[in-house]
Amino acid sequence: MSQASQYASPAVWIVESLLVFFILWKILSARRGRELFIRRIPGLSALDEAVGRATEMGKPILFAPGLSGLDIVGLQSMAILSHVVRKAARYGTRVIVPLADPVLYTVAEEVAKDAYNAEGVPERFNPEDVRFLSDRQFAWASGVVGILHREKVASALYFGYYFAESLILAENGQMVGAIQVAGTPATTQIPFFLASCDYTIIGDEYYAASAYLSREPTLLGSLVGQDLGKLVIIGIIVLGAVAFTAQALCPNVGWLCDLTATITKYFPRS
Amino acid sequence: MSSVWNWIAIPRHGWQFAVFLCGALVIGCAVLMLLTSTPPRYRKTIVAAVTFLAGLYYALEFLIPPALWPLKPPRNPLSEVQPLVATLTQIIWSFALLLGVWNLFLIHGRAVAKHGRGWYNSAAFFISFFAILGAGLLKDYAKNAGLSKASESIFTVLFSGFLTSLDATMFSLIAFYIVSAAYRAFRVKSLEAALMMAAAAIIMLALVPVGAEITNWLPQAGLLSALRVERIGYWLLTSPNMAAQRAIAFGIAVGSLAMGLRIWLSLERGNFFDRQL
């Protein structure tokens with residue numbers, strides 16, 4: 001990587017400034033009490049169904065945060081875990097959380113403990129249900145597969161960053177007949193989850209989870225800000241596509257050449 | 001600034017190592033005591049301030065190119081300390097790893113003590129843990145050359161012979177799972193499933209020589225060449241598939257930016273972010 005490429009270009013400043021502006025603006029307007037609409041996300045609505053099924057069957061729930069560490073993906077996974085554990089604690093259903101990252105393990109333990117406390121049943125928290133298995137990809141995967149089969153889980157929830165182990169887990173979840181809900185920002189693993197899970201949360205729906213589940217105004221505002229940010233990106237893509245197509249059709253129009261040159265300058269092809 | 005950081009980051013030995021270790025422990029305990037004695041309503045402010053400063057480091061390091069810093073020769077001084085920041089992160093991770101190992105010991109220790117179902121698996125954990133730990137330590141630190149060599153051989157058997165092979169075994173299982181997953185995914189139950197099935201069939205045919213053979217009677221160039229299986233497969237991969245993947249990637253990027261921003265500015269709400277510290 002060249003020395004210049006590891007720093008932000010002016011185009012990054014402009015686009016990121018716009019995104020940050022929209023997100024903060026919408027967060028502030030939501031905090032002032034403005035009502036915001038959020039569409040239904042079936043995968044996230046299915047979380048309650050998964051908890052309900054496990055409760056009815058008297059079997060545990062498995063919540064696997066993948067190979068996520070303590071980063072944005074891992075923190076979002078913990079936010080979802082908190083929601084699931086609170087729901088499960090209400091009905092006395094066990095939630096088993098196998099972890100691959102030791103830092104996230106400590107956070108997950110606190111999250112689970114907090115969730116039981118918040119529901120007023122701290123005595124139901126079993127420290128052994130939040131388990132650090134291994135930081136090696138396939139050692140962790142085989143550990144989770146073992147839990148799936150030994151505990152005969154009724155619901156398996158996969159929320160976090162996944163690599164090749166996604167299919168191994170989801171197929172074993174199918175074998176034990178668990179209802180499976182998955183969400184990952186790893187685009188390469190989405191097809192595997194789609195093929196094997198009952199519900200799959202795709203792309204930025206993963207980051208919408210905390211807003212969707214908690215309905216907190218700050219988070220809902222952020223979500224609307226994200227949508228406006230996506231409109232900015234769509235606008236840039238459309239502008240670029242139209243400008244370059246028009247220039248190809250009319251190569252001698254001066255202002256079109258200037259426009260495409262400006263776009264190329266700020267958004268160079270990598 | 002980097003020279004100060006470099007001085008701190010140099011590996012120490014002997015009495016210097018002991019002094020730095022004691023210093024780190026004293027500073028760590030002092031910070032912990034200070035945080036504990038701080039009234040709860042200020043604790044969140046301290047955590048928010050530390051989070052903001054840590055995030056600000058990475059934001060400035062990425063957003064301000066060397067040319068904009070008033071330094072000669074042009075450089076970004078924040079980039080120079082990045083290896084040290086990475087080392088600090090690794091140290092924190094290493095401490096947490098001990099907690100992870102402690103959790104493993106607790107769970108498997110109880111299983112062995114209770115002699116419950118499958119307790120021998122837990123015993124196997126302890127045997128393999130101490131075997132590879134012992135072999136690894138002896139390999140690096142044994143004074144006796146013979147012992148060191150023997151330990152290295154044992155370590156190689158345990159690591160390459162067992163662990164790597166078991167990893168490869170788990171990985172190879174994916175091939176079988178792909179078949180069962182594909183069987184379910186490609187059952188034609190709706191229009192969307194039929195389209196996916198057709199697209200998958202074309203791409204599979206495009207990737208094997210027999211696929212190209214099917215439409216070999218079509219010309220290599222010209223309008224009709226676009227109907228050759230390998231061309232359709234290439235188009236499916238690079239146009240509709242790539243467009244969808246990029247759209248998902250854009251959404252993920254904006255989503256992670258929003259979440260990063262909320263955490264950086266301590267705006268995150270709900271669940272454990274609202275807890276009293």
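These legends describe close-up views of a predicted model.

**View 1. The contact between chain A and chain B.** Chain A contributes 53 residues to the contact, and chain B contributes 45 residues. On chain B, four helices each supply at least two residues of the side that touches chain A: helix 3 (40-63), helix 5 (82-114), helix 7 (145-185) and helix 10 (229-264). Helix 10 of chain B gives the most, with 16 residues. By class, this side of chain B has 30 nonpolar, 10 polar and 5 charged residues.

**View 2. Helix 1 of chain A packed with helix 10 of chain B.** Helix 1 (residues 10-31) of chain A meets helix 10 of chain B at an angle of about 60°, and their axes are 10 Å apart. Helix 1 of chain A is therefore oblique to helix 10 of chain B. The crossing is right-handed. From helix 1 of chain A, the contact uses A:Leu19, A:Val20 and A:Ile23. From helix 10 of chain B come B:Val254, B:Leu257, B:Ala258 and B:Leu261. These contact residues divide into 7 nonpolar, no polar and no charged.

**View 3. The open sheet of chain A.** In chain A, 6 strands form the sheet in the order 3-2-1-4-5-6, with parallel pairing. Strand 3 (130-132) and strand 6 (199-202) are the edge strands, and each pairs on one side only. Neighbouring strands are turned by 15° against each other on average, direction ignored.

**View 4. Strand 5, strand 6 and helix 8 of chain A.** Strand 5 (residues 179-184) and strand 6 run parallel and are joined by 4 bridges. A:Val181 stands opposite A:Tyr199 of strand 6. Helix 8 (residues 205-214) lies across strand 5 and strand 6. Helix 8 runs at about 110° to strand 5.

Key. Residues are numbered from 1 along each chain as its sequence is written. Chains are lettered from A and ligands numbered from 1 in the order in which they are written. This is a predicted model: local features need pLDDT of at least 70, side-chain atom pairs count only at pLDDT 80 or more; totals for chains, interfaces and linings use all residues. Two residues are in contact if their C-beta atoms, placed from the backbone, lie within 7 Å. Ala, Val, Leu, Ile, Met, Phe, Trp, Tyr, Cys and Pro count as nonpolar, Asp, Glu, Lys and Arg as charged, and the others, Gly among them, as polar. Axes are lines fitted to C-alpha atoms, for helices over the stretch in contact, and angles run from 0 to 180 degrees between N-to-C directions. Angles under 35 degrees count as roughly parallel, over 145 as roughly antiparallel, 65 to 115 as roughly perpendicular and the rest as oblique. A crossing is left-handed if the near helix is turned anticlockwise from the far one by less than a right angle, and right-handed if clockwise. Two strands pair if DSSP finds at least two bridges between them.
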